[in-house]
Amino acid sequence: MQLRDRHLVLGLTGGIACYKAAELCRALIKEGATVQVVMTQSAERFITAVTMQALSGRVVQTSQWDVREPNNMPHINLARAADAILVAPCSADFMAKLAHGAADELLSLMCLARPRPRVPLLLAPAMNREMWAHPATQRNMEQLRQDGTVLLGVGSGDQACGETGDGRMLEPAELVEDVIAFFQPKLLVGQQVLVTAGPTYEAIDPVRGITNLSSGKMGFAIARAAHEAGAVVTLVAGPVALATPRGVTRIDVRSAREMHAATLEQAHRASLMVAAAAVADWRVDNASDQKIKKDGSGGLPQLRFAENPDIVAEVARSERARSGALLCVGFAAESQDLLANAQAKRLRKGVPLLVGNIGPATFGMDDNALLLVTATAVLELPRAPKLELARQLVAHCAGMLAAAPADRATTT
Ligand code: CTP
């Protein structure tokens, strides 16, 4: 329920993507929003007001001359009541109208009459690729951006007209994620955030390996929360089957050494690194190029282990981290004595902030409980969904980033 207590006006303009607006409306309501649908006449040619009324549970507004409004000013009443207006799909024609302040029907009239910036306007464009690429559309988009309108971008791929390219409306789930992100406080604007997540996999031979129970969910939630907070986010992910959070750049790795290389490559431009990955401490030093076979003698394979590089400790020792230009945050997955282990690990890793959690109580789950340990304080974040905890952690890190560089410098 990420949109609880939010009231949205969902505007539909003419385009085949109107069929996706039905699912979008449901998805917004499922997240707790109340949705008032407003449709243009062109939109009504693609989907009926009856469908949208049934899904939203409210009478759809289609005309500025609707006598049911006591003051006969639906454009004022609707806009004043909303936390945001989302136009999805937003046609090229409607963008042109908005860019010029045209107001000849209810939806554009309401957009023009809305109190800015209390009622933000979000657009989900949907059109043929040539219309999207046309200089007029691009010009209108630029004008709309300058006017403070939020453009949610477009998808790429097969279009209803049979052509392929940019201009499709984003999928309903993507739009919902973007709307949720829009409402989050922008605590990390201007920050470059690097997150490691998931387990690593250490090969024994081409078909077998050693890994651990980390699902990657906590690290992915942190990447999402950091992006929601306005940061540019890179996620170095071990082998997990999770969807990449919207707007996050993902680098997939398998082994600890691959994660080490990818992370070091990125760390020099990051201002915050959160090492949530459960990195294997050891790799098989004598991994076989070919599948190890049983030879029937009962003999066991002789595996020899080598220690993996400690990624977060190495980054914490870098000049960038020691000067405070990079805030390094470590995690500790423990099975017991969380506070003592976390405090010891914070010192051992040389990080200003270490986040402790009980591995067996959270691996694979959607919730967790965290213990934030710094040099001077311990803060408990009680059990909650991982995304909720991730947002709290991001807010904590934002506070540390706002402090003097010396306060966030690593300690080794
Ligand atoms: N970590 C790392 N590189 C490693 C091992 C761990 O960057 N080779 C990071 C993890 O991403 C995490 C922190 O170090 O941020 C602690 O990981 P954890 O597995 O809890 O600790 P270990 O250092 O492996 O210590 P131990 O297994 O003895 O508890």
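Helices (H or I, at least four residues) and strands (E, at least two) are DSSP runs, numbered from the N terminus. By this definition the chain holds 16 helices and 19 strands. The model is predicted: local features need pLDDT of at least 70, side-chain atom pairs count only at pLDDT 80 or more, and totals for chains, interfaces and linings use all residues. Residues are numbered from 1 along each chain as its sequence is written, and side-chain values use heavy atoms, with hydrogens and water left out.

Along its principal axes, the C-alpha trace spans about 85 × 55 × 40 Å. Of the 412 residues in the chain, 51% are buried, where buried means under 20% relative accessible area, exposed over 50% and partly exposed in between (1.4 Å probe, protein chains only).

Two nonpolar cores are described below; such a core is a set of buried Ala, Val, Leu, Ile, Met, Phe, Trp, Tyr and Cys residues joined through side-chain atoms within 4.5 Å.

| Core | Size | Residues |
|---|---|---|
| Largest nonpolar core | 38 residues | Most contacts inside it: Leu 188, Ile 222, Leu 272, Phe 331, Leu 393 |
| Another core, apart from it | 34 residues | Among them Cys 18, Ala 22, Cys 25, Leu 152 |

Phe 331 is in contact (heavy atoms within 4.5 Å) with residues including Ile 222, Leu 370 and Leu 393, its neighbours within four places in sequence being left aside.

Ile 210 is found in strand E10, residues 208–210. Because its relative accessibility is 31%, Ile 210 counts as partly exposed.
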